[in-house]
Structure formats: structure tokens, C-alpha cells
Amino acid sequence: MTAYRLMIQRVARVAQHFADFPDLPTVAQTTLLKNNADMIVSLRGAVFFEMKKQGLDQILSSLGIDDLQAAREMLFATLKCHNTLKHIDYKTFNTIQDKAEGVMEKRYDQLLEQIGATIAFNPNIVILFSYILLFSSTRQDFDSIDDFFGDRVLRIHDMLIGLMERYLYAIFSNDIAKGVFSAIMNCVEDLRELTLIKKKRQISANLATKPPEEAN
């Protein structure tokens with residue numbers, strides 16, 4: 001739970017340092033973070049749990065630059081005793097929610113793997129797509145806000161999509177870029193579905209039985 005809260009705080013800090021975001025009214029900023037922060041966290045989770053990564057890669061890729069040297073020393077000392085660190089699986093990582101075996105959880109694992117395979121191969125795409133998710137919205141999201149700011153959010157969103165599209169066409173042939181772009185944009189709905197599945201889960205029985213101060 002602490003890690004999740006820190007991730008949400010990190011999303012908010014990154015958003016505040018994106019030039020166009022703090023220029024929006026507070027209610028617009030709050031709406032975007034409320035609707036989209038969990039999708040960005042889920043995206044980072046899909047990248048972290050991407051099936052091709054081994055445990056060492058997963059841990060190092062999730063740390064801040066100030067932590068890397070200390071983490072390397074600790075992990076390489078561990079590897080002297082163990083040849084490798086196995087892939088860290090989401091099922092063993094999530095201790096907050098109960099994950100009953102069933103169609104819904106199989107769908108969650110499928111979506112997580114699908115998003116990771118689509119996005120994780122390029123860090124620049126992960127960053128660009130995170131900002132696209134941040135500004136994802138509909139006109140209904142801004143019914144209570146001046147139309148000017150609703151239109152501005154949509155323009156920023158379209159600009160970011162165009163930026164990613166140009167980037168893809170710069171590094172891939174046209175046919176490949178077109179396919180990758182389509183697959184990435186399909187991940188928006190996949191991430192929305194992931195967040196809905198998470199909301200339907202129950203809190204872990206072990207966590208629910210702890211006193212409030214421990215659960216927090």
C-alpha cells in the first residue's frame with residue numbers, strides 16, 4: 001500500500017513538472033489525476049512485470065538513480081550465492097488484494113502481459129505514453145469547467161499522440177510503425193479494463209484483519 005501511494009505521488013509530481021499541466025485550473029488537474037493516475041501506475045506495473053525481464057532487471061529498472069549503486073552492490077553480493085534472480089511474478093507481489101482464480105483474474109494477467117509486451121521494449125515510448133494517459137479525457141469529464149480548458153486538455157492530448165506517432169515513424173519503417181502505433185493506442189482501453197478489475201477485488205483477508213495503524 002505504501003509503494004502504491006508513493007507511485008501515485010510520483011505521478012502527481014511528474015505531472016506538475018510538465019509545462020502545460022500546472023497552467024490548468026486546479027479542478028482540471030484534480031480531475032485528470034483522479035481519472036488517470038491509476039492507469040499510469042498500472043502501465044508501470046505492466047512494464048515491471050513484463051515476462052522477458054528477470055528479477056535483477058526488474059529491481060534495477062524500478063529504482064531511482066541515487067539508489068542504483070547501493071542496489072547493485074547488494075544484489076551482486078546476493079548473486080554470488082545464487083546464480084540468478086527469477087522473474088518476479090505479479091501474483092506473488094500483490095499482497096493488498098485477494099486474487100481469486102477465475103475468468104476475471106485470467107483476463108487481468110492476459111492484459112498485463114499484453115501491455116508489457118507492447119510497451120516495455122522502449123523506455124521513450126513508456127514515457128510518452130504515460131503523458132498521453134495523463135491527458136486522456138472526454139468532454140463529459142470537464143462539464144463543470146470552462147470549455148476553453150476542456151479544449152486545451154484535448155489539444156495537449158492530441159499533440160502528445162502526434163509526437164509519439166512521429167517518433168515511431170522515425171525509428172521504424174512505415175508498416176511497422178503503423179502496427180506498433182495501433183497496438184499502443186489499444187493499450188488505453190486495456191489499461192482502463194485493468195483498473196476496473198482492480199477496483200472489483202476485495203482487500204486481502206490478512207490485511208483486513210490488521211489494526212488500522214498496521215494496515216496503513
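This is a predicted model: local features need pLDDT of at least 70, side-chain atom pairs count only at pLDDT 80 or more; totals for chains, interfaces and linings use all residues.
Figure 1. Phe 21 touches Ala 15, Gln 16, Gln 29, Leu 32, Leu 33, Leu 134 and Phe 135, when residues up to four places away in sequence are not counted. Phe 21 itself is found in the loop between α1 and α2. With a relative accessibility of 0%, Phe 21 counts as buried, because buried means under 20% relative accessible area. One of the residues touched by Phe 21 is Leu 32. Phe 21 and Leu 32 are eleven residues apart along the chain, and their C-alpha atoms are separated by 9.5 Å.

**Figure 2. The largest nonpolar core.** This core has 45 residues, and those that touch the most other members are Phe 21, Ile 119, Phe 129 and Phe 135. Two or more residues each come from α1 (2-16), α2, α6, α7 (123-134), α8 (147-171) and α9 (174-200). The largest share is that of α2, which gives ten residues. Phe 21 and Phe 135, both named above, also touch one another.

**Figure 3. The crossing of α2 and α6.** The axes of these two helices come within 8 Å and cross at roughly 80 degrees. α2 is therefore roughly perpendicular to α6. On the α2 side the contact is made by Ser 42, Leu 43, Gly 45, Ala 46 and Val 47, and on the α6 side by Leu 112, Ile 115, Gly 116 and Ile 119. By type, the residues of this contact divide into six nonpolar, three polar and no charged.

**Figure 4. The crossing of α2 and α9.** Here the helix axes come within 9 Å, with a crossing angle of roughly 100 degrees. This makes α2 roughly perpendicular to α9. From α2, the residues Asn 36, Asp 38, Met 39, Ser 42 and Leu 43 meet Val 188, Leu 191, Arg 192, Leu 194, Thr 195 and Lys 198 of α9. The residues of this contact comprise five nonpolar, three polar and three charged.

**Figure 5. Surroundings of Ser 42.** Ser 42 lies in helix α2, which spans residues 26-48. Its relative accessible area is 4%, so Ser 42 is buried. Apart from neighbours within four places in sequence, Ser 42 is in contact with Leu 112, Leu 191, Leu 194, Thr 195 and Lys 198. Among these, Leu 112 belongs to the α6 side of the contact of α2 with α6, while Leu 191, Leu 194, Thr 195 and Lys 198 are in α9. The side chain of Ser 42 makes a polar contact with the side chain of Lys 198, at 2.9 Å.

**Figure 6. Surroundings of Thr 118.** Thr 118 lies in helix α6, residues 103-119. The relative accessible area of Thr 118 is 17%, and Thr 118 is therefore buried, as the cut-off is under 20%. With neighbours within four places in sequence left aside, Thr 118 is in contact with Ala 183, Ile 184 and Cys 187.

Figure 7. Of the 216 residues in the protein, 40% are buried. Among contacts with a separation of 6 or more, 73% are between residues 24 or more positions apart.

Conventions: Residues are numbered from 1 along each chain as its sequence is written. Side-chain values use heavy atoms; hydrogens and water are left out. Helices (H or I, at least four residues) and strands (E, at least two) are DSSP runs, numbered from the N terminus. Buried means under 20% relative accessible area, exposed over 50%, partly exposed in between (1.4 Å probe, protein chains only). A polar contact is a pair of N or O atoms within 3.5 Å; within protein, one must be able to donate a hydrogen and the other to accept it, and residues adjacent in sequence count only if both atoms are side-chain atoms. Contact means heavy atoms within 4.5 Å. A nonpolar core is a set of buried Ala, Val, Leu, Ile, Met, Phe, Trp, Tyr and Cys residues joined through side-chain atoms within 4.5 Å. Axes are lines fitted to C-alpha atoms, for helices over the stretch in contact, and angles run from 0 to 180 degrees between N-to-C directions. Angles under 35 degrees count as roughly parallel, over 145 as roughly antiparallel, 65 to 115 as roughly perpendicular and the rest as oblique. Ala, Val, Leu, Ile, Met, Phe, Trp, Tyr, Cys and Pro count as nonpolar, Asp, Glu, Lys and Arg as charged, and the others, Gly among them, as polar.
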